[in-house]
Amino acid sequence: MVRPRRPLGRTLLALPVVACLAALALLRPAPAEAAANQFCSGEYLAVGANWSLCWEIRANEGLAITHAFYTVPQSGFDRRVLSDATVAQVFVPYEVGQPRYHDVAYGLGAAMQRLNAQIDCPHGQLLAGGKVCRELEDRGLTQRYCLEGNCSARRGKALVLWSSIQTGAYNYLQRWEFRDDGSIHPAMGLAGALQFGNVAHTHNVYWRLDFDIGDPEHDRVEEFVRLPKAGSNGLKGVSTWNQLLGETYRPTELFTFRKWRISDTVQKNALGKPWSYEIIPSPGDGSLRTNPSEGFLRGEFWVTRAHSNERFVSTDQADLLSGYLNGEAVDDQDLVAWYALHAYHEIRSEDQPYMPVEWVGFEARPRDFFDQNPMQ
Ligand SMILES: [Cu+2]
């Protein structure tokens, strides 16, 4: 089975299916705080689990989140978190050197498959002609507190949008999960059948996240580091956040608990701490480094100034992401965070005849975005 290949020029110029909605959003003034229904309506508006979202299908990136607000109607809480969240590449090189697939360049949106209401989306609604499932999921126990034998507990909810994309023999499940605690869980499910039998390969999934916490401007990016305290014989530790001052890339580093956050330089919570969202690497994730022609593999986290024409990581011919690093300052600006996960696929017997779904995903969660746990 051969994957569909598309000419570079055509794929990169493809317009969103609901371009008219995006155009409408551009025409309206963007208030610092306003629910997503200011920007979209009908099936493109998803509401639940304290979130209001706008979404669309794009030819290249597939299912895209175009606005995300954390919204609690009862209390009037209504605050922007994201303005644009997409999958910016799924790069799949095989260990024998070839092929090296750049699936977003070929078009995830064009390869979306219809879902089955009973099996794929039993508790939700099928949208976009059956290509998108919107569900409000029970996500299990989220709190439990006991005092003198009296216990209280609560279960959580998540607003989920997902779709199924055929890439050769594979099926990707593109999933966006927004939880009632304010956390966001982007994920890609690897499913379908093996493309080439017993040939190991990696699935390098890149997300592009335009965090606009409170408003689109005034973003800052910081990196967390934890080190043993000098002179403590390893028994004490110290940690801090270091600001990244220019466009850059950073590799994952699990032994210092490295993670990143995007914060607002103006807005602070009731404790005087800046509103922020942090990206938590998945502990089981690895890394892949090849050669300079695939420079986008140098780091897992990238930060760039937000430019609407900088949307993709790579094509068959080019390392685009590295080209976006051109020395622009990233303090107090509108920024985009890029985050990559690498799934090493060592073939196992259980991958035949159809693979069990394997999820590749991470968490972006609020840090001082609220004054306290928002689910009280
Ligand atoms: Cu695989």
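Q: How many residues lie between strand 16 and strand 17 in their hairpin?
A: This is a predicted model, where local features need pLDDT of at least 70, side-chain atom pairs count only at pLDDT 80 or more, and totals for chains, interfaces and linings use all residues. Numbering starts from 1 along each chain as its sequence is written. Gly272 sits in the turn, with a positive phi of about 80 degrees. Strands here are DSSP runs of E, at least two residues, and helices are runs of H or I, at least four, numbered from the N terminus; between strand 16 and strand 17 there are five residues.

Q: Which residue is the bridge partner of Trp260 in strand 17?
A: Strand 16 (residues 259–268) runs antiparallel to strand 17 (residues 274–280), and five bridges join them. Pairing takes at least two DSSP bridges between the strands. Trp260's partner in strand 17 is Ile279.

Q: Which residue in strand 16 stands opposite Phe224?
A: Strand 16 also runs antiparallel to strand 13 (residues 219–228), with six bridges joining them. Opposite Phe224 stands Lys259.

Q: Why is strand 19 described as largely enclosed by the rest of the structure?
A: Strand 19 covers residues 335–345. A residue is buried if 20 or more other C-beta atoms, placed from the backbone, lie within 10 Å of its own, exposed if 12 or fewer, and partly exposed in between. Strand 19 is largely enclosed because the buried ones among its eleven residues number eight.

Q: Which residue in strand 19 is the bridge partner of Arg208?
A: Strand 12 (residues 201–211) runs antiparallel to strand 19, joined by nine bridges. Strand 18 (residues 301–305) pairs with strand 19 too, antiparallel over five bridges, and there Trp302 stands opposite Trp338. Arg208's bridge partner is likewise Trp338.

Q: How many residues are in the largest nonpolar core?
A: A nonpolar core is a set of buried Ala, Val, Leu, Ile, Met, Phe, Trp, Tyr and Cys residues joined through C-beta atoms within 7 Å. Those with the most contacts inside the largest one are Leu53, Ala68, Ala337 and Trp338. Its residue count is 88.

Q: Is Gly323 buried or exposed?
A: Gly323 belongs to helix 4 (residues 320–323). Its C-beta neighbours inside 10 Å number 12, so Gly323 counts as exposed.
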